[in-house]
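This report walks through one protein model. Keep the sequence and the 3D view open while reading.

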Amino acid sequence: MIAKTFAGLEDVLAEELRNIGCENIKPLRRAVEFHGDNIAMYKANYWCRTALRILKPVKLFNAVNEEELYKGVSEIEWWTLMDIEDTFAIDSVVNSSYFNHSKFVALKTKDAIADCFRKKFDKRPSVDTENPSVRINIRVFNDEVTVSLDSSGTSLHRRGYRIETGLAPINEVLAAGMILLSDWKRDCHFVDPMCGSGTILMEAALIANKIPPGFYRQSFGFEKWKDFDAEAWEKIKDDAIAGQQEFEHKIIGSDISGKMISISRNNIRNARMHKDIDLQASNITDYIPPAGKGIMITNPPYGERMKVEDVKSLYKKIGDTLKKNYAGYDAWIISSDLEAHKFVGLRPSRKIKVFNGPLECRFLKFSIYEGSKKFRNNA
Ligand SMILES: C[S@@+](CC[C@H](N)C(=O)[O-])C[C@H]1O[C@@H](n2cnc3c(N)ncnc32)[C@H](O)[C@@H]1O
């Protein structure tokens, strides 16, 4: 199978797949290949925080023109995968000199599937692009065609806990990936002092309590498949509930905007996480995190929406605040402004390239010690 993710999170996802018992794991570009049965596929959908979709290939073939593409898709016994009463949709990704348009590939695939049913039953399932019972993925790379069933349905970043968003919410898969990259061991407080709508806090709370990222989702694609094993699926969910754990430390969010705090509060209440996460409206410069060891992960406003002078001054303020208030903390900042970290005035001990959608970002670690100002100041 193929688990899709964002660039930069492939190794984290490979580790997640390993942890749920998948085999032959091979990180690719923006994806990880793995072997497993349907149970592994259910678990990958439910448990992998950094997966966007889990695809189950049904056929690989070669095609250099429309006829070969049509023939290859027609040869699949589609009636074993869906019924006439089902609806279907096709996602296509094309990177090939033989085929120029992904929409054309999707259209040919749809025709081949419809004709396949018509020939056998004189009837065909309908297309529903919004809410299909079976989502089909076709990928063409040069002359290699892979036809897969999308076992996730809607993208797995749609966790189902969010009822409101702010202006620039970070993607849930990226937020979870950042927390896993930080190697937080659930052994100290977790703080996001620019929390916006609360995505990083929510993902931290899920990790802290060992709650699967799919816990709040209404449905997954595989639940509508002909071979769906409801009993095995119920067991996976029951095991997850039995495995939940209390978190001994605090998860705290603050933001300068009272409106964002109210949005965060609504999302957190909706997910019944209000006992785990404390919130307060505050400027990052005024907020004092709990003393002792801790981790801070934050996503400051994006550089491209701000003037250079404002970026400089904000990052300088963040740096000064870290030195003043965050002794004992590992502080992680994600920024799409690749130069902004220079204004923090601390030397990052790690720099990781990640992507927020199409935006290239740096995820930077600053280890704050007593006296960081004196001997680690790089400004
Ligand atoms: C990119 S958004 C964070 C988005 C958040 N990760 C989410 O998923 O919704 C940046 C946030 O920083 C907040 N902010 C800007 N300046 C701040 C300051 N000086 N102190 C605290 N928060 C600030 C903004 O109100 C905004 O909510």
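Which residue of E3 is the bridge partner of Pro27? In E3, Val32 is the bridge partner of Pro27.

The model is a predicted one: local features are given at pLDDT of at least 70, side-chain atom pairs count only at pLDDT 80 or more, and totals for chains, interfaces and linings use all residues. Residue numbers start from 1 along each chain as its sequence is written.

Helices (H or I, at least four residues) and strands (E, at least two) are DSSP runs, numbered from the N terminus. Strand E2 covers residues 23-27. Strand E3 covers residues 31-35. The two strands run antiparallel, joined by three bridges. Three residues lie between the strands of this hairpin. Among them is Arg30, with a positive phi near 60°.

A residue is buried if 20 or more other C-beta atoms lie within 10 Å of its own, exposed if 12 or fewer, and partly exposed in between; C-beta atoms are placed from the backbone. Of the five residues of E2, the number buried is zero, so the strand lies largely in the open. Asn24 belongs to E2. Asn24 is not a glycine, yet its phi is positive, at about 50°. Asn24 is exposed, with 8 other C-beta atoms within 10 Å.

Another positive phi turns up at Asp183, near 65°, again in a residue other than glycine. Asp183 sits in the loop between helix H5 (172-181) and strand E9 (189-192). Asp183 is exposed, with 10 other C-beta atoms within 10 Å.

**The sheet**

E2 and E3 belong to an open sheet of eight strands, in the order E2-E3-E1-E4-E8-E7-E5-E6. The pairing is mixed. Two strands pair if DSSP finds at least two bridges between them. E2 and strand E6 (126-127) are the edge strands, and each pairs on one side only.

| Strands | Sense | Bridges | Partner pair |
|---|---|---|---|
| E7 and E8 | antiparallel | six | Asn137 and Ser148 |

Is Ile138 buried or exposed? Ile138 counts as buried, with 23 C-beta neighbours inside 10 Å. Ile138 lies in strand E7. Two residues are in contact if their C-beta atoms, placed from the backbone, lie within 7 Å. Leaving aside neighbours within four places in sequence, Ile138 is in contact with Ile90, Ser92, Val105, Ala106, Thr109, Val145 and Val147. Ser257 is 119 residues from Ile138 in sequence and 44 Å from Ile138 in space, C-alpha to C-alpha.

**Helix H3**

Helix H3 spans residues 66-74, and its buried residues are Leu69, Gly72 and Val73. Seen down the helix axis, these buried residues fall within an arc of 95°, so they line one face of H3. The arc is that of the directions from the helix axis to the C-beta atoms. The cover over the buried residues of H3 includes strand E4 (53-62), helix H4 (102-121) and strand E8 (144-150).

**Two domains**

The domain assignment gives domain 1 (2-150) and domain 2 (172-211 + 221-375). Such bounds come from an automatic or database domain assignment. The domain centres, taken over C-alpha atoms, are 33 Å apart. Domain 1 brings 22 residues to the contact and domain 2 brings 20 residues. On the side of domain 1 that touches domain 2, helix H2 (38-47) and strand E7 (134-141) each supply at least two residues. H2 gives the most, with seven residues. By class, the residues on this side of domain 1 are twelve nonpolar, six polar and four charged. Ala, Val, Leu, Ile, Met, Phe, Trp, Tyr, Cys and Pro count as nonpolar, Asp, Glu, Lys and Arg as charged, and the others, Gly among them, as polar.

**The ligand shell**

How many residues surround the ligand? The shell holds 20 residues, and the closest are Met194, Gly196, Ser197, Thr199 and Ile284. A residue counts as near if its C-beta atom, placed from the backbone, lies within 6 Å of the molecule. The shell divides into twelve nonpolar, seven polar and one charged residues.
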